[in-house]
Amino acid sequence: MSQDIWGVDPEPTEIDTGLTQNDRFSAILAVVLTVAALGLGLLIKQRSSTDTWPYESRGAGISANYPVGWLVDERGNYVVRMRDPKARPFKTQYIITIVPMGGQTSTRNVLDGLTLQRSTDLPAYRVLSVQETNSGGVNLTVMNFAFVDADPNPFIQRLPVAVLGIDILIRDEDRAIIITYMSDKQVFEENRPSFDRFLSSLRY
Amino acid sequence: MTCMSTNPNTRCTVCGQILARTLEYKKRYYCDFHYGLFYQNTRPLWRASILTFGVLIAMMLGLAIGSQLAPEHLGDAVPPGTGILVAILPALVWLIALYRVGARTQFHLSPLPVTMFVLGALLSAAVTRPFLYNIVNLDIWLGRTTVSNRFMGDILLNGFTHAFTLYAIIRYIAWDSPAFARRTDGVMLAFAASLGYATLLNILYVVELGGMTLLNGGLRLITQLCTFLTTGLILGYFVGYNRFEDMPIYHLSLGLAMAATVNGFLLYAGSALNSIRLSLTQSGFSPWPGIALNIGVLILTFSTIRGLMQRQNALTQAKLEQIA
């Protein structure tokens, strides 16, 4: 009865659509091939993002692994500064500084010293937050800050860049090790995992 | 090779009609009309494409001369409108030439190439671009990584994403259309999809930058277009071949892999070759090596595929006539 109403054949007929078994498998194989290629590509990207070179300062007793291709500079008033030469317009960088800490010196004194120095060196320097934290059994003081990177040459045609930074202060007996990370605000979070790997590789 | 099917419900591969009298060629079934059509040539395709390549070469020369004659007070940058014109012009020329040649030679063309063009454009903006640049952040990684990683990344991530998107348009949308009735239609439809795909990518590139330099920017747009057209030609050849013959299961994947590899290689070479020796008279960058390679590969691929298609069509026709 219902078959008559809906006009459906009593038995389904096999209709040859022209698609062969080879066609069906080749459609699947093309998808599998693409997924495999993309997976391999993402794996290479992931591995290359985590590729590092070792750095060691015998004088400061510090070693760490920094991203491949970054430039190392030891000529400033810091132990080392590592910069990404390809970052534009502001060069993402890690800086390791050592500050002597006597018995009367607190971590807050060290950070205040940094703030005073930077407020004269860096335009629009602002401390955003300071907090105590513990990572892997080590007490850390983390200071977040921001400033504006503007080229002093007035003929350079580019907008000033908002830069975000983090200071991580580790008290190591009579010295403070300050690890600074600075990056363009636009890519700060994107570059953060790389800095976290750098930090976890730090030995002192 | 050619025989009558035993299944009374067999449909024509092209139009899908249930066949009273079935003709078979390499495990594909046809009605009388499409049996005599699938190996025919799509004449407007070759003429429109050759005209478009001529326009591309003329645009290259025009950009070179224009950059020399441009008033110096303009600096290097030109407004986005110029870039958008450079991006759109080849697509307009191809589409207009295709239908004009079709009308002049009384060759019926369906609106399917225009549909493929629009679909290619939409998918490039809605799927590929967000995936590659917002999710994978490919451009940032390629700009920072080593040469070997850049090469592999261009092939595996860039190449396969672009090639699979174009393949999917042809395989899953055009494949079942009755307008896809000839082997060479595969090339035409893939070419249209890749043209739309590259055109919108180029427009978005110009809009995002808010303008571009006349010579370097303009040649980059043409270089990118050549890369995608080459990819479309390779895909179109393999899909067009497979549509009308039952091929081994690796056939389409081989075409896809070949298209992806060529796409990735050309994208890589299009930028890597432009880094030239730095000297007192050279800035370390020249847009010419990349575009020369890209347009050379495009013309070579086009000639090869045209030759192969025509040869296969002639052989098929001869076989079918012999059987008849």
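Q: Why is the pairing of Asp246(B) with Lys27(B) called a salt bridge?
A: A salt bridge requires a side-chain nitrogen of Lys or Arg within 4 Å of a carboxyl oxygen of Asp or Glu; in this predicted model, the closest N and O atoms of Asp246(B) and Lys27(B) are 3.9 Å apart, so the pair meets the rule. Across the interface of domain 1 and domain 2 of chain B, the rule finds two salt bridges.

The model is predicted, with local features needing pLDDT of at least 70 and side-chain atom pairs counting only at pLDDT 80 or more, while totals for chains, interfaces and linings use all residues. Residues are numbered from 1 along each chain as its sequence is written, and side-chain values use heavy atoms, with hydrogens and water left out.

Q: What makes 1-35 and 40-323 of chain B two domains?
A: The bounds come from an automatic or database domain assignment, which divides chain B into domain 1 (1-35) and domain 2 (40-323).

Q: How do you know that domain 1 of chain B is in contact with domain 2 of chain B?
A: Contact means heavy atoms within 4.5 Å, and 12 residues of domain 1 of chain B stand in that relation to 15 residues of domain 2 of chain B.

Q: What area do domain 1 of chain B and domain 2 of chain B bury between them?
A: Buried area is the accessible area (1.4 Å probe) that two parts lose on being put together, summed over both; here the value is about 1,200 Å², 55% of it on carbon and sulfur atoms. In domain 1 of chain B, the residues losing the most area to domain 2 of chain B are Val14(B), Tyr25(B) and Arg28(B), together 45% of what that side buries.

Note on methods
Chains lettered and ligands numbered in written order.
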